[in-house]
Structure formats: C-alpha cells, structure tokens
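Please read these notes with the model open beside you, and check each point against the view before you move on to the next.

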Amino acid sequence: MKKVNIYFNRWFSVAYHYMNFIRNNEDGVPVKIFATHPDIHHMSLQGADVAGTEPALTEIEYVQFCVDFCRRNEIDIFIPRLHMLDIALHAAMFDAIGTKVLVCRDLDLLKTIMDKGKFYESVKETGIMTIPDYHVVSTAEQFKEAYHDLVAKGHHVCFKPTETEGGLGFRIIDNTRSPLQELFGHVTPLISFDEAYRILGSEPTFPELMVMELLEGYEYSIDCLSDENGRLLAAVPRRKAGGRLRLMEHIPELEEIASRVAEVYKIPFNFNIQMKYSGGIPKLLEINPRMSGGLHISCLSGINFPYLAVKSALGGEVQPAEFGDNVLASHVEQPLIMKINGESVIPDPVN
C-alpha cells in the first residue's frame, strides 16, 4: 500500500498528537508526515517524520512556499493552520500539483467565520443558536457606550478582538480588582473599565473589539467532523471538569446545535464550535474552521477525528460515528529526548 504524504504547516504543539492519531489509524494506512515551523525544535515537529524550518513570509509569498514544499515532497494531503485564508484563496495552485488541502473553500464563509463580529451577524440572521449580547467597537467612546449598555442590561462585561485565536486579547472588566495584589500574584485577564478606557483612548481608533456579556456557566468545545461537502459525521461536546480533567459527554442540545451548524454552513472536515452557558442557555463564543487545540482529548471518545478527515479527503467512505458512554479524561507530561550528543533524534531534516 502506497504511503500517504501529509503536510502540516505551522501548527500548535498539540499537532504532535494529531500526527500520531493519523499515523496509528485503524485502517493500517501507511503515512509519512511532513511539518514545518519557524522553530525547528517546536514540539509540533517532533511528531513528524520529516521536519523543516519555515521562512518569515506572508500572503502569496507564503502560499508559494507551501506549494513548492508540497510539489517537492509529493504531498497528498495538506492540513494548514497558519495563513489559512490565503491558502484557501489560492487552493487551485495546490489542485494543479495534486495536493488536497483540508480547508473550507467557501471563501465568503471562511472570511465571515474568522471575523467574530461578522459571524455573530450571520448567526443572528439564521437563528440557529443563541448569541451573547454584544457590540463591535473601534473607538474609546464606542467602547464606553457599549460597556454602559451591557451593564444596564445586568451583565458583567468582557471584550476581545474580533479577529484573534485562542485567548489572545481577552479581558474581563472588574472594577473591584486590586492592581497591587495582582502584582504579587498570578497574571489575570482582569482589567478595570477606567484602565481599559484610558488605554483605548490613547489612539483615535483601534482594531475592532467585541464588547460582550460575560458568560459564567460551563464552556463546551464541540469537536466536529464533516465530509468534504459539509455533511456532519461526528460531534463530541467536551468541557473542563476541574484541573486537568476533561469530560466528553452527550448533551442533546449541543449535539443538535452541531447538526444545525453543519446543515446551514456546511463547513468541511474538522471544525470546532465553542459554546458557553448562561442562565441554562448555551450561547455561541466562536467557531474555528480547523482542528481545535483539545481535539486529541476528544479522540479519546473513540473517534479518530484527524485520520477520518484525511480518509474522507482521499475519497474513502466514512460513516457517521457516535461515541458511547461519557468519558472523563486527563493528561500527563511525557519526557522526550530530542538530541543525543548534539545529534537530532527525530525527525529527519527536510530535503
């Protein structure tokens, strides 16, 4: 059986686990995994068979780097994270060399999903799930008006950039905090309204922020798998359960939300829906059109999300999958030798 060559460009450290789930697939399909990152010692590269260093490029120059890499290494499947939109814009360049890219090709949808403000407007129009009360602002005065409006509605308030990843830029407004006490404690996302207003007011305008109600119930990540046409094949709701514990559990209303999202937006391959409860109601935080940072935990439900996406992209038949009982999981660190006497142990250098 011919090996399938799979390429990950700059990913998070957890891609190490995605690579191993693909490698240890249930069908016994042999794979050779390639990966690039600006830091040759990055943990994501340690799951690859062949690793390389990425140049500092953007837009079409970066896309051309990826195309050249795929051509040179006869890549069958490309799983992008960095510069996903630019890669989707030029997906035809990969088609021309026979590389299948695991990316949403609906460019309008992809642009909308990656801008949280625009996506909230889209969800509001469809009515398929509940969104938090929010405002999109780009000046200090707009920020002030949004804050007072949300407080008047009885909300605690938080804000974050409309275009961001993970928790970057997320802040909670807390006017009771003690800066001196915080100076001697852990770094927190807390900030007072006055401090935020002063900082934002230092410039005439700033990149768009979403000022929104703070949701204080359980937060769920719903890891989803669809085929190339957006037909939902699997959905696993996962939440933090204290410390390092993670609970994958059947929540019918969240599974129904996943079905509605797939039906309306038809996002292909792996994607993730983040919801958080408030007053017993699950409200949307965001959707990531890629594998989530915790997907390797959801795979412990028995569904091999990364491999099944690859299998689907290669034209294999993937049946809808459901996990059985609820699963409580955790993780521990694992020591890993990367060099002996200055010689790299894994992976091989890229050619």
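1. Arg290 lies in the loop between β15 (281-288) and α11 (295-298), where helices (H or I, at least four residues) and strands (E, at least two) are DSSP runs, numbered from the N terminus. At 9% relative accessibility, Arg290 counts as buried, a word that means under 20% relative accessible area, with exposed meaning over 50% and partly exposed in between (1.4 Å probe, protein chains only). Leaving aside its neighbours within four places in sequence, Arg290 is in contact with Trp11, Phe12, Arg81, Met84, Glu165, Asn270, Phe271 and Asn272; contact here means heavy atoms within 4.5 Å.

2. Before going further, keep in mind that this is a predicted model, in which local features need pLDDT of at least 70 and side-chain atom pairs count only at pLDDT 80 or more, while totals for chains, interfaces and linings use all residues. Residues are numbered from 1 along each chain as its sequence is written, and side-chain values use heavy atoms, with hydrogens and water left out.

3. His37 is found in strand β2 (residues 31-37), and with a relative accessibility of 6% His37 counts as buried. Not counting residues up to four places away in sequence, His37 touches Arg10, Trp11, His42, Ser44, Leu45, Gly52, Thr53 and Glu54. The C-alpha atoms of His37 and Ala51 are separated by 8.1 Å, and these two residues are 14 residues apart along the chain.

4. Which strands make up the open sheet, and in what order? The sheet has five strands in the order β6-β10-β7-β8-β9, with mixed pairing, and two strands pair if DSSP finds at least two bridges between them. β6 (134-137) and β9 (190-191) stand at the edges with a single partner strand each, so one side of each is left without a neighbour in the sheet. β6 runs antiparallel to β10 (residues 209-213), to which four bridges join it, and Val137 stands opposite Leu209 in β10. Helix α6 (residues 116-126) packs on the sheet, touching β6, β7 (157-161) and β10, and its direction makes about 140 degrees with that of β6; axes are lines fitted to C-alpha atoms, for helices over the stretch in contact, and angles run from 0 to 180 degrees between N-to-C directions.

5. Helix α5 (residues 107-114) packs with α6 at an angle of about 110 degrees, their axes being 5 Å apart. That makes α5 roughly perpendicular to α6, since angles under 35 degrees count as roughly parallel, over 145 as roughly antiparallel, 65 to 115 as roughly perpendicular and the rest as oblique. Thr112, Ile113 and Met114 of α5 make the contact with Lys116, Lys118, Phe119 and Ser122 of α6.

6. Tyr265 has its place in helix α10 (residues 252-265) and, at 9% relative accessibility, counts as buried. Not counting residues up to four places away in sequence, Tyr265 touches Leu109, Phe119, Ser122, Val123, Thr126 and Ile128. Tyr265 and Asp106 are 159 residues apart in sequence, and 9.4 Å apart in space, C-alpha to C-alpha.

7. The axes of helix α1 (residues 15-23) and helix α12 (residues 305-313) come within 7 Å and cross at roughly 60 degrees, which makes α1 oblique to α12. Tyr18, Phe21 and Ile22 in α1 meet Pro306, Tyr307 and Val310 in α12. By class, this contact of α1 with α12 has six nonpolar, no polar and no charged residues, where Ala, Val, Leu, Ile, Met, Phe, Trp, Tyr, Cys and Pro count as nonpolar, Asp, Glu, Lys and Arg as charged, and the others, Gly among them, as polar.
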